[in-house]
Amino acid sequence: MKTTLQSVLRKVANPPAPQNWVRLIVPNDEVATASRIANLALGVPAFNYVPAAKMCHDRVKLQLDLETALKAIAKAGAPAGRDQNAAFVKAFFSYDEVRRYSEARYVDSYQGFFPISRDVKIPTKPAFTVLENRLQVPVVLCGWKSVPLDNTQRRIVATVYESGLFSYGAYRHAPGEIAFFPEFETADGLLRMPEIWRRGDHE
C-alpha cells in the first residue's frame, strides 16, 4: 500500500485508542516520542483485533455462540492475525461464562473522546455497554497478548477513560471496565487469561 502525505496526516490527526496512544509517549524525551508517532503514521500493522472485537460485541448483544464466532474469525481480517483473533475470542467467551455480560441487557454505547489538542482527539468508545443494577456499564476491550504498561502509563490510560468516557452522564456512577486477555504459560500450554481494570483501580 502506497503511503501518501494525506494518509500520514490522517493517522496523526486520528490517534489510536488510549492504551495504544500511551505507548507512543516517552516521558521527558520529545525526540523519542516523535519517532514513535512517525513510525505509527508511516507503518501498516500486520493485523488488528477488529474481527475479535466484533465477535465479542455480538456475543453480548446477540448471544453469539463460540463455534459461529470462530467460523467467522477464520474468514475475517488479515490472515496473519486470525490465530490471535481466535485466541482472544476464546478467552473472552470463556470469561463471559463467569462474568455473564451476555446475560445482561445490552444498550447502545456512547462515543467518547479525550482532546489532546484543539483539533486532535483520542477515541474512547467502549466495545459494548450493558445495564446492570440500573447502571450502564461500559466495557473496553484490548486484544494485546501482553500488557507492557508501567504504573504511570496505566494511570494515564485510566485518566483518559475517566475523563473521556466514564464521566459521561449515563456512565458517571457506573463501574466501567477495561478488559485485557494477556497470554500466559499454563499446564495446558499458552492460554489467554483475563486482566480486568475496574474504574478507580489506577487512580
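**Entry 1**

I began with Glu-183, which is partly exposed at 28% relative accessibility. My scale is relative accessible area with a 1.4 Å probe on protein chains only: buried is under 20%, exposed is over 50%, and partly exposed is in between. I noted that the model is predicted, that local features need pLDDT of at least 70, and that side-chain atom pairs count only at pLDDT 80 or more, while totals for chains, interfaces and linings use all residues. Residues are numbered from 1 along each chain as its sequence is written, and side-chain values use heavy atoms, without hydrogens or water.

I then looked up the partner of Glu-183. Its side chain meets that of Lys-145 in a salt bridge, 3.7 Å from N to O. The term needs a side-chain nitrogen of Lys or Arg within 4 Å of a carboxyl oxygen of Asp or Glu. Lys-145 sits in the loop between E5 and helix H7 (151-166), Glu-183 in strand E7 (residues 183-186), and they are 38 residues apart. Helices (H or I, at least four residues) and strands (E, at least two) are DSSP runs, numbered from the N terminus. Lys-145 is partly exposed too, with a relative accessible area of 40%.

**Entry 2: other salt bridges**

I found 10 salt bridges in the structure. In one of them, Arg-59 meets Asp-96 with the closest N and O atoms 2.9 Å apart. Arg-59 is in helix H4 and Asp-96 in helix H6, so this pair ties together parts that are 37 residues apart in sequence. Arg-59 is buried at 17%. Asp-96 is buried at 1%.

I checked Arg-99 next. It forms a salt bridge with Glu-132 at 2.8 Å, N to O. Arg-99 belongs to helix H6 and Glu-132 to strand E4, so the pair ties together parts 33 residues apart in sequence. Arg-99 is buried at 17% relative accessibility. Shared partners join Arg-99, Glu-132 and Glu-177 into one salt-bridge network.

**Entry 3: the sheet**

I traced an open sheet of 5 strands, in the order E1-E4-E5-E6-E9 with mixed pairing. Strands pair if DSSP finds at least two bridges between them. The edges are strand E1 (105-107) and strand E9 (195-198), each pairing on one side only. E5 and strand E6 (residues 177-180) run parallel over 4 bridges. Val-139 stands opposite Glu-177 in E6. H6 packs on this sheet and touches E4, E5, E6 and E9, with its direction at about 155 degrees to that of E5. Contact here is heavy atoms within 4.5 Å. Axes are lines fitted to C-alpha atoms, for helices over the stretch in contact, with angles from 0 to 180 degrees between N-to-C directions.

**Entry 4: the cores**

I listed the largest nonpolar core, which has 25 residues; Phe-92, Tyr-101, Phe-128, Leu-141 and Phe-181 touch the most other members. Such a core is a set of buried Ala, Val, Leu, Ile, Met, Phe, Trp, Tyr and Cys residues joined through side-chain atoms within 4.5 Å. H6 gives the most to this core, 7 residues. A second, separate core has 19 residues, including Val-22, Leu-24, Val-140 and Tyr-171.

**Entry 5: Gln-19**

I ended at Gln-19 in helix H2 (residues 18-21). Gln-19 is buried at 4% relative accessibility. Its side chain makes a polar contact of 2.8 Å with that of Tyr-161. That term means N or O atoms within 3.5 Å; within protein, one must be able to donate a hydrogen and the other to accept it, and residues adjacent in sequence count only if both atoms are side-chain atoms.
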